[in-house]
Amino acid sequence: MIFFWAFVIGGLISVIGQLMMDVLKMPPAYMTTTLVVIGAVLGGLGWYEPLIRFAGAGASVPITSFGYALVNGALAEAERHGLIGVVTGMFEITSAGISSAIVFSFLAALVFRPKG
Amino acid sequence: MKQVSLPEATSYQQMAKTQEEKRSVVTNVLRAFLVGGLISLLGQGLMWMYETFFGFTEKNASNPTVATLVFLSVLLTALGHYDKLGQWAGAGATVPVTGFANTMASTALDFRSEGLVLGVGGNMFKMAGPVIVFGVVSAFIIALIKTIWQLLV
């Protein structure tokens, strides 16, 4: 069942992004940054975690989860070390996405030539 | 300075408008739903794989999942396939984490000709930067408010 909801919720979040571009005439970069901020706000309110429990990758694959994960990392570390944890824990969870994107992109630039 | 004559400019705008209207919002939304959903479904499959065969828990299985999706996205970008997917699927290819990786890989590849340090290193975050900056700043403010709130209440 979680596979079904992953598809539906992942698709719906993409639809929200598409509507922001088509109806609100937002450029793609504005759309993605807005979604990240929305994810961070929902994370702060504690509403994004139920969505992840419900839809799994449907909520953790879209870019909104980046904002949620930043807030979550910051809050988890703040619980352990106080206010300073907000800064030190920020990238705790998002490390996988950013590190792999940097490393693989750099390697790709070494090996491949741009196409199209 | 040479100015574009007015009729020429308006006819271009009209042409651009008809080209734009060829794809209705409904088509775009359906494509975005399909592709965004399928990428998430792939992610769910990967999560299941990492939980079942590699001993990850439900909580931390999303880390290797994201890394795998990023790898696939960078590879498809380098081979020139992801941009075609993006043209077809719109936000369906931009919103998932693969779209984030795509912006980084495509700028890294495009600026390779300007050298590894200033070209690749300096431009990699050119398009992915806004997401990180706004994500971190908003997360900082929200986490700060929530932490102070919890200290007071």
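**Entry 1: Phe33(B)**

I looked up Phe33(B) and found it buried, because 22 other C-beta atoms lie within 10 Å. The cut-offs I used: a residue is buried with 20 or more other C-beta atoms within 10 Å of its own, exposed with 12 or fewer, and partly exposed in between, the C-beta atoms being placed from the backbone. This is a predicted model, in which local features need pLDDT of at least 70 and side-chain atom pairs count only at pLDDT 80 or more, while totals for chains, interfaces and linings use all residues. I number residues from 1 along each chain as its sequence is written, with chains lettered from A and ligands numbered from 1 in the order in which they are written.

Phe33(B) sits in helix α2 of chain B. Helices are DSSP runs of H or I with at least four residues, strands are runs of E with at least two, and both are numbered from the N terminus.

Which residues touch Phe33(B), once its neighbours within four places in sequence are left aside? I found Gly11(A), Leu12(A), Ser14(A), Val15(A) and Gly92(B). Contact here is defined as C-beta atoms, placed from the backbone, within 7 Å. I also checked Gly90(B), 57 residues from Phe33(B) along the chain. The two C-alpha atoms are separated by 9.8 Å.

**Entry 2: chain A overall**

I counted seven helices and zero strands in chain A. Along the sequence the pattern reads α-α-α-α-α-α-α. The C-alpha atoms fill a box of roughly 50 × 35 × 30 Å along the principal axes. Of the 116 residues in chain A, 53% are buried. I then took the contacts with a separation of 6 or more in chain A. Residues 24 or more positions apart account for 57% of them.

**Entry 3: α2(A) against α5(A)**

I compared helix α2 (residues 28-45) and helix α5 (residues 64-81) of chain A. Their axes come within 6 Å and cross at roughly 45°. Axes are lines fitted to C-alpha atoms, for helices over the stretch in contact, and angles run from 0 to 180 degrees between N-to-C directions. α2(A) and α5(A) are therefore oblique to each other. On this scale, under 35 degrees is roughly parallel, over 145 roughly antiparallel, 65 to 115 roughly perpendicular, and the rest oblique.

I noted the crossing of α2(A) and α5(A) as right-handed. Right-handed means the near helix is turned clockwise from the far one by less than a right angle, left-handed anticlockwise. On the α2(A) side the contact includes Leu35(A), Gly39(A) and Gly43(A). Among those on the α5(A) side are Phe66(A), Tyr68(A) and Asn72(A). By class I get ten nonpolar, seven polar and no charged residues. The classes: Ala, Val, Leu, Ile, Met, Phe, Trp, Tyr, Cys and Pro are nonpolar, Asp, Glu, Lys and Arg are charged, and the others, Gly among them, are polar.

**Entry 4: chain B against chain A**

How many residues does each chain give to the contact? Chain A gives 59 residues and chain B gives 59 residues. In chain B, α2 (25-53), α3 (62-78), α5 (91-94), α6 (97-110) and α8 (129-152) each supply at least two residues of the side that touches chain A. The largest share, 15 residues, comes from α2(B). I sorted that side of chain B into 38 nonpolar, 17 polar and four charged residues.

**Entry 5: two helix pairs across the contact**

First pair: α5(A) and α8(B). Their axes come within 8 Å and cross at roughly 40°. They are therefore oblique to each other. The crossing is right-handed. Phe66(A), Leu70(A) and Ala74(A) are among the α5(A) residues involved, and Val131(B), Phe140(B) and Lys146(B) are among those of α8(B). I find twelve nonpolar, four polar and one charged residues in the contact.

The axes come within 9 Å and cross at roughly 35°. The class count is eleven nonpolar, two polar and no charged residues.

In the model, residues 131-152 of chain B are 100% helix and 0% strand, with end C-alpha atoms 31 Å apart.

Conventions
Contact = placed C-beta atoms within 7 Å.
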